[in-house]
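Subject: Structure handover

Hello,

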Protein chains: 2
Amino acid sequence: MTPQLEFWFEFGSNYSYLTVMRIEALAKSKGVDLVWKPFLLGPIFNGFGWNTSPFVLQSEKGAYVWKDMERQSQKFGLAFKRPTAFPRAAILPMRVALIGAEMHWGPAFCREVMKQNFERDMDIDNRDAVALALQKAGASVEPTLAAAVSDENKLRLRRNTEQAKARGVFGAPTFFVGEEMYWGNDRLEDALEDASLKATAHRR
Amino acid sequence: MTPQLEFWFEFGSNYSYLTVMRIEALAKSKGVDLVWKPFLLGPIFNGFGWNTSPFVLQSEKGAYVWKDMERQSQKFGLAFKRPTAFPRAAILPMRVALIGAEMHWGPAFCREVMKQNFERDMDIDNRDAVALALQKAGASVEPTLAAAVSDENKLRLRRNTEQAKARGVFGAPTFFVGEEMYWGNDRLEDALEDASLKATAHRR
């Protein structure tokens, strides 16, 4: 059994940025297989009666979060610029990420979109931005965009989001090792360790 | 200049438990002086329009928090039992902690109260529980209780809470290195590192 970690993420989520940029290398070093699970935070937050991010609704925590992001990005050696729009809509790139989840270019595409949002303060929910990220990730642009906006793929993203809700996901990033849930970039290392140990125990 | 860290905490706060049990040894190993700052979370939460902990108000996050507490306690080698009452009122022990903040028995007293709440599932906001914790910490019981419930000391706790609010504190534990704020047990090590580096820079 290969250790496996499900990684649930959203391009609008600032703490997902820290994880998207780090997770592939960390998982490789632990020998853990990643399953990329794009979902939409908007419907999850709406279910709580919120019309936007809790970092916007709760201004004290919001003020802190951007300071924390500066320090955490520096700690991980990542560039960071506070986005002038937050949280950014990300439906088109999330649909593409769902296609990418089964393709070799998926992780690189996700990193490019995250850099657009959190390093370069660019809007990400448009064809130009997504095409640029696909090109940089070495993916074919037009066929991928066509597949992304197919009814079938739109429905898959909705189903992912419903599944997240049903499993108790309340924010991003969230990780699952089997049914064990971990929330937040701060728990990435713990979740990888858990996945790694469980696979070892299974082999014995 | 000796590096200094302000530690703002609440006995009702589960993540404060993880920090109270760890902070004295960690600060000592880093050569950082601790300033213990008890305050009440209730008035802070009331200011946000909440009548209890966000872990109670938001049931999805609440369900996760107890699972996270189990795992985090195990990681740090701490016992943990989910309290049957949460968040527990803690006004009397918080008043005593304010006296203890300037006494040698303060940190041990705080650990005893936290063990009552999060290891032994005991109510903590009564004279018997507080007297027991004082005894175990090697403090004199009656004089300390008398000082704790003096009007002057009650006012000091209220002022700490007002100061926390004015400085942007929105939860516990919270740390300050000068005016640099850190939130959560997950940031304890970063905050200690910051305090330590700033003192070193100052000495140069």
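Predicted model: local features only at pLDDT ≥ 70, side-chain atom pairs only at ≥ 80, totals over all residues.

Residues are numbered from 1 along each chain as its sequence is written, chains are lettered from A and ligands numbered from 1 in the order in which they are written, and side-chain values use heavy atoms, with hydrogens and water left out.

Chain A overall

Chain A has 10 helices and 4 strands. These are DSSP runs, numbered from the N terminus: helices are H or I with at least four residues, strands are E with at least two. The order along the sequence is β-α-β-α-α-α-α-α-α-α-α-β-β-α. The C-alpha atoms fill a box of roughly 50 × 45 × 35 Å along the principal axes. Of the 204 residues in chain A, 53% are buried. Buried means under 20% relative accessible area, exposed over 50%, partly exposed in between (1.4 Å probe, protein chains only).

The interface

In chain A, 20 residues are in contact with 20 residues of chain B. Contact means heavy atoms within 4.5 Å. The two chains bury about 2000 Å² between them, 48% of it on carbon and sulfur atoms. On the chain B side, B:Tyr64, B:Arg71 and B:Arg187 lose the most area to chain A, together 28% of what that side buries. Buried area is the accessible area (1.4 Å probe) that two parts lose on being put together, summed over both.

Helix α5 of chain B

This helix spans residues 91-100; 9 of its 10 residues are buried, so it is largely enclosed by the rest of the structure. Among the buried ones are B:Met94, B:Arg95 and B:Ile99. Its cover includes β1 (4-9), β2 (33-38) and α9 (151-166) of chain B.

A:Thr174

A:Thr174 sits in strand β3 (residues 174-177) of chain A. A:Thr174 is buried, with a relative accessible area of 0%. A:Trp8 is 166 residues away in sequence, yet 5.1 Å from A:Thr174, C-alpha to C-alpha. Beyond neighbours within four places in sequence, the contacts of A:Thr174 include A:Glu6, A:Trp8, A:Met181 and A:Trp183.

Best wishes
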